[in-house]
Amino acid sequence: MSEQNLDVVGQSVKRRDGIGHVTGKTVFVDDLRFPDMLYLKMVRSPYHHARIKGIDFSAAEKVPGFVRAFTYKDVPKNIYTILCLIGVGPDEEPVLAEQEVLYKGEQIAAIVAETEEAAMEAVAKTRVDFEELPAVFDVEEALKPGAPILKPWGTNYFVYEGHDCRRIRYGDIEAGFAQADYIVEGRYQPGPVEHAPLETTACIAKPEADGRITVYTNTQALYFTMDNTALILQVPFNKLHFVGGTVGGAFGGKVDVIVEPIATLAAMRTGRPVKYQFTREEEFHVSSTRTAWRIYFRDGVSKDGHIVARQVTSYADSGAYNRHTPYAVTKHAANISGPYTIPNVHVDVHCVYTNRQPSSAMRGFGVTSASFSTELQMDKIARTIGMDPWEIRLINAYRNGDIRPYQKVVEDATLVEAIKGAAKLVGHELPKWAQAMNSWDRGAATPVTVEG
Amino acid sequence: MASKIVTFVLNGRETEVMVKPLTTMQVVLRDKLGYNATKVGCKEGACGTCTILVDGEPMLSCLLPAEDVEGRQVTTLEGLTPVDGLHPLQQAFFDNYATQCGYCTPGMIMVAKALLDHNPSPTREEIVDALSGNLCRCTGYEPIIRAVEVVAEGQDSRRPAMAERRRDKEIVR
Amino acid sequence: MTTKAYNLPESLDEALGMLAQYGSNLLVMAGGTLAMPLITKGVSQPERVMGLRRAGLSYVRETGGSVAIGAATPLTQVVNYKGLPLLPQAAHNIGGWAIRNMGTVGGNLFAPPPAGDLVVALLALDASVKLANARRQRVVPLAGFFSGFMANVLEPDELVVEVQVPRPQGDTALLKLGRLHTDTPTVVGVATRIVWEGRKVKEARVALNGVGPYPMRARKAEAMLVGTALDEAAIAAAAAAAAGECEPFSDPIASEWYRRKMTGVIVSRALAQVAA
């Protein structure tokens, strides 16, 4: 099968939406206008942690153009657990805050008005009576006794099958450390990252004559968003018609189903199209970010460069709520030993709640932090024991047939070939023993002491 | 609150709008006139997605009150698109994968047009400098720079894609 | 937005008349790059706004001993003006092309710290500002224009109408440290000018922005340079003095510690450039 006979594989295929993009004709959510459209703006918590004692809309209602205010009492099922569709709980985030807010910017009440300015003014004039509570911002502080407790079940961590963290146990970690010639420790802290798409999160929910609601949205996940919206609004899925797929950048930041449920509710209750778009400030300060991590490595390494024991304790800062972070933690745990075969592995990954902006999905979430830290740790090991960084990776590289720390047999390893290919591309010459390696040969890499 | 009538030339056509004080050109173009190519990204002049040309010079429509363009020539991306086919910059952006989500594209093309009108043979540095006020979160900028170079070099932008990939390999080294 | 009136006066007299009439109830803007974001987002809610694009304040005039730049001159014009050192580069350090087409010379005097990329160069060139109200005009040294964080000596009925730059003597250098190469907030900006007498420094100007409530001259550093040969030791001492006398703050771009440290580094480099 040669390349010339294929129309798509091996060919450069032009984008179907490319002409629309370069002529400016591609339709984004903000390009849609309906004559009787209402604008939704959100009353948000100015505090990191507070109890809500009461809300007073009387001044807001007097703003010309004010139409309606919505609180949690208006939401049919005020539970925002977006992974409930795959059975992941627990239910700990509301669509609109009830008695407590856990992060600065949390949604409390939705105001709908004839113009954007009127909605903003009504939000500014809404009086919320708060009792400020102590807040915690650090993952390790949040797990110490005496830290303010953020979750109704009485802790600041997600429970994984009865444990206080996601755990990997493989081999005998203490025996591994006893065999080691070197102990190499490291602490790595990838920070939170804002996706910063050029187009902010937005949707317009529009009631149709046949009783359905059309929701124009820039979500990355149409079915996921539609199903969650239907569950929150307690309507049959087929009442909703989601239209989208045109996304002005997202990178994982538009999978949180954060605007559609409340906008759709407002459309249903007012009978008019309702637009809810994040401002740039909301996109930065309120929308979820990539998770920040604090990762502690303790590796036992033999003189000849084998990692004989790896112990990792990771803390994921989920922020105020779960969103996608518990899932990220599981992926992180699986990947934190790296693409390396290590006989003794002990991993604890904590999903911790703090009073920070919730973290959620962003390209490769859970795994990028693992790649980042394992590779820095490999370089540190190489420096510590005086070995070449290419070689340390080849010596420990996993092969097909090896067992991963979570008990899966490796079937698809090509790390050795990738390293060799990278070396060739940058003109780095690997020693002969490395050049002779491949991913199907499970024999130990045997560097000879003489460079060759 | 006194509304005013503002008259300007938009994409070659004399245009009249009635505006409340300080209504921005971004609002005028999009909400009043339905010209959606000019985008909304930040409303504070930081992202460049709202870039239009006023008398051939790039300006940020989100910061520009309509009254300030009285009597001026305003050009938007809609004004670049010919009846048939594409403007060379549009073709080059399309052919060179200089657009992914499409949101920065109108602003990028408008600035590129202004650049080439001022300076038909810019160096790569001059292209980068001209485009520095426009953010892109998707492409990593290289394909955009390449698209402008292609037009500046007067090349047929419908080059075979394999040639591109060979060139990209050289960049890695 | 609750703005009830937006006026574009067509002469300086008309602008000053409006200012006299409305005083502090009138928000004055030129390029809009600073005021419009605040108005659009409802942070600033002026009833009346005056724009200066048509008031005849956009010009660059060369007189015998100095260059007069109208306060509403767009920064792009300064980028392209060949008659003075430092200013083209300083203006180019501000924003991107479109921002420079809109933002003005006068506007940079009101840009909140760490901004002031043009002002820092004007300080090193001993610029003055002409202020005017409906009754009279006065000229104030730029170094005396600022009185505190977002505060200056402008009276409520006065406008900044012109920046005056005397034809400078000596060698100059300008360096800006930012997180990115261009279109980036300032971590620290340094503009310097050295006037020589033989091989010794006769006069020194070291201006800083990004490390204080407003762009300022590093007077101690300047004093230490006078009489030296601008050798390594003199540069090191002046850089240390500048780092000590600046008043940096922390913001999302850079911490106070980093700004102070980098002041020493960048002043060093700028002076070394002049010495070379």
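Predicted model: local features only at pLDDT ≥ 70, side-chain atom pairs only at ≥ 80, totals over all residues.
**Chain C as a whole**

The secondary structure of chain C comes to nine helices and 14 strands. Its radius of gyration is 19 Å, close to the 19 Å that the globule rule gives for 276 residues, so chain C is as compact as a globular protein of that length. Taken along the principal axes, the C-alpha atoms of chain C fill a box of roughly 60 × 45 × 30 Å. Of the 276 residues in chain C, 51% count as buried, and among the contacts in this chain with a separation of 6 or more, 63% are accounted for by residues 24 or more positions apart.

**Domains of chain C**

The domain assignment divides chain C into domain 1 (5-51), domain 2 (60-166) and domain 3 (171-275). The centres of domain 2 of chain C and domain 3 of chain C, taken over C-alpha atoms, are separated by 20 Å, and the contact takes 22 residues from domain 2 of chain C and 22 residues from domain 3 of chain C. On the side of domain 2 of chain C that touches domain 3 of chain C, the elements that give two or more residues are α4 (87-92), α6 (117-124) and β8 (146-148) of chain C; the largest share, six residues, comes from α6(C). By class, this side of domain 2 of chain C has 15 nonpolar, six polar and one charged residues.

**Chain C against chain B**

The contact between these chains takes 25 residues from chain C and 25 residues from chain B. On the side of chain C that touches chain B, two or more residues are given by each of β1 (5-7), α2 (35-40), β3 (48-51) and α5 (97-102) of chain C, and α5(C) supplies the largest share, with five residues. The residues of this side of chain C divide into twelve nonpolar, nine polar and four charged.

**Domains of chain B**

Chain B is divided into domain 1 (4-79) and domain 2 (88-172), and 14 residues of domain 1 of chain B are in contact with twelve residues of domain 2 of chain B. On the side of domain 1 of chain B that touches domain 2 of chain B, β3 (51-54) and β4 (57-60) of chain B each supply at least two residues, and the largest share, three residues, comes from β3(B). The residues on this side of domain 1 of chain B divide into seven nonpolar, five polar and two charged.

The table sets out the class make-up of the contact sides described above.

| Domain 2 of chain C, touching domain 3 of chain C | 15 residues | six residues | one residue |

**Helix α2 of chain B**

Helix α2 (residues 88-95) of chain B is mostly covered, with six of its eight residues buried. The buried residues in α2(B) are B:Leu89, B:Gln90, B:Ala92, B:Phe93, B:Phe94 and B:Asp95. These buried residues of α2(B) pack against α1 (18-23) of chain A together with α3 (105-118) and α5 (142-152) of chain B. After α2(B) comes B:Tyr97, whose phi is positive, near 55 degrees.

Notes. Residues numbered from 1 in each chain as written. Chains lettered and ligands numbered in written order. Domains from an automatic or database assignment. Contact = placed C-beta atoms within 7 Å. Helix = DSSP H or I, 4+ residues; strand = E, 2+ residues; numbered from the N terminus. Nonpolar A, V, L, I, M, F, W, Y, C, P; charged D, E, K, R; others polar. Buried ≥ 20, exposed ≤ 12 C-beta atoms within 10 Å, placed from the backbone. Rg over C-alpha atoms; globule rule 2.2 N^0.38 Å.
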